[in-house]
Amino acid sequence: IAIVLAFLIYFLLMRYLFRPFRELLDTSEAMAAGDLSARAPIRRGDEVGLLSQRFNRVADKLQDLINNLENNVRKRTGELYQTTKSLEESRDQLRLILDSSAEAIYGIDMEGRCTFCNPSCIRALGFESEAGLLGQPMHALIHHSHLDGTPFELEDCKIHRAIQEGLGFESDDEVFWRSDGTPFPVEYHAHPQIRDGRVVGAVITFMDISDRKEKESRIQYLSCHDMLTGLQNRRCFEENRAVLDVPENLPLSVIFADINGLKMTNDIFGHGAGDNLIRRAAEILGEACRETDLVARVGGDEFILLLPNTGREVAEEILSRIREGFSDARVEA
């Protein structure tokens with residue numbers, strides 16, 4: 001009985017003494033399993049109780065850190081989401097602007113390869129999609145030659161200079177080439193892309209100015225030519241006279257001519273008949289001359305023929321052709 005009682009007392013004593021250790025182990029296992037709310041109960045005020053207190057403090061500190069970390073992660077995630085959303089909205093807005101722009105726009109990297117392009121650029125260059133442009137060397141693809149077919153060297157290209165010198169360039173006297181090999185006049189602006197103080201590429205905007213060039217040519221033609229006959233007018237004649245009146249063109253012959261009876265023709269048959277008379281006279285004068293000769297209408301019924309490298313004998317031959325042309329020419333009655 002004494003032995004049984006002693007064993008029982010020993011068992012209860014050991015259980016009492018080791019119970020805080022078992023609870024501390026159970027708590028640590030619970031925390032290791034992810035239960036950060038687990039805490040060791042404090043049974044006594046001795047060293048074991050002090051150890052449990054220290055363990056609980058560590059657990060509290062760890063839980064605070066994890067909670068703060070979760071809050072920070074949640075906050076950072078929200079900020080990152082907003083930043084990403086803003087970037088996507090900015091990208092979509094930029095894409096919308098590019099797609100809606102009437103001007104053709106494309107970008108190149110430092111090697112001159114296309115990095116982006118908008119629909120206007122794709123249409124202007126005759127491609128079906130951006131796949132035909134992205135990654136391609138743009139100078140060799142669309143800017144390789146002058147209008148006359150002579151090569152356009154890369155070092156002379158203003159677009160290439162924009163990324164090499166970090167400066168903006170523009171031009172309205174060059175051509176781009178479509179995918180089908182046809183050229184068209186363009187006005188373009190090339191500006192470098194600068195990131196962190198370093199040039200990383202360039203953006204080029206351009207537009208087809210064929211209509212403008214055609215109108216300019218038409219205006220230039222009308223400013224220099226007589227609308228009725230197509231011959232050079234007095235102003236243009238005076239400018240070209242100085243060009244032809246040089247020693248290389250001597251001898252230089254001049255023929256003055258006027259139409260007899262123009263006023264009478266206008267009075268009797270009307271100004272339409274007079275205009276026909278002027279046009280027919282201009283045709284005969286032009287047919288009698290050579291390609292190097294200059295024929296100009298300098299007044300209502302006055303014409304001047306400037307004949308470079310022409311002596312008296314050749315001038316007389318041209319006069320004979322003129323007289324022959326007029327000999328059987330008829331206008332109205």
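So, the disulfide: Cys-224 and Cys-236 form one, and their sulfur atoms sit 1.7 Å apart. Keep in mind that this is a predicted model. Cys-224 is in helix 6, which covers residues 210-224, while Cys-236 is in helix 7, residues 234-244, and the two cysteines are twelve residues apart. Both Cys-224 and Cys-236 are buried.

What about Cys-157, then? Cys-157 is in no disulfide, and the nearest cysteine sulfur, the one on Cys-114, is 14 Å away. Cys-157 is buried too, with a relative accessible area of 2%. Cys-289 is in no disulfide either; for that residue the nearest cysteine sulfur belongs to Cys-236, 16 Å away. Cys-289 has 12% relative accessibility, so it counts as buried, the cut-off being under 20%.

Okay, let's zoom out to the whole chain. We've got ten helices and eight strands.

How much of the chain is buried? Of the 333 residues, 30% count as buried. The accessible surface comes to about 21,600 Å², and carbon and sulfur atoms make up 55% of that. As for contacts with a separation of 6 or more, 49% are between residues 24 or more positions apart.

Last up, charges: there are 38 positive and 55 negative side chains, and the centres of those two sets lie 12 Å apart.

Conventions. Residues are numbered from 1 along each chain as its sequence is written. This is a predicted model: local features need pLDDT of at least 70, side-chain atom pairs count only at pLDDT 80 or more; totals for chains, interfaces and linings use all residues. Side-chain values use heavy atoms; hydrogens and water are left out. Helices (H or I, at least four residues) and strands (E, at least two) are DSSP runs, numbered from the N terminus. Buried means under 20% relative accessible area, exposed over 50%, partly exposed in between (1.4 Å probe, protein chains only). Contact means heavy atoms within 4.5 Å. Accessible areas come from the Shrake-Rupley method with a 1.4 Å probe; for residues, only the protein chains shown count as cover. Lys and Arg count as positive and Asp and Glu as negative; His and the chain ends are not counted. The place of a charge is taken as NZ of Lys, CZ of Arg, CG of Asp or CD of Glu. A disulfide is a pair of cysteine sulfur atoms within 2.5 Å.
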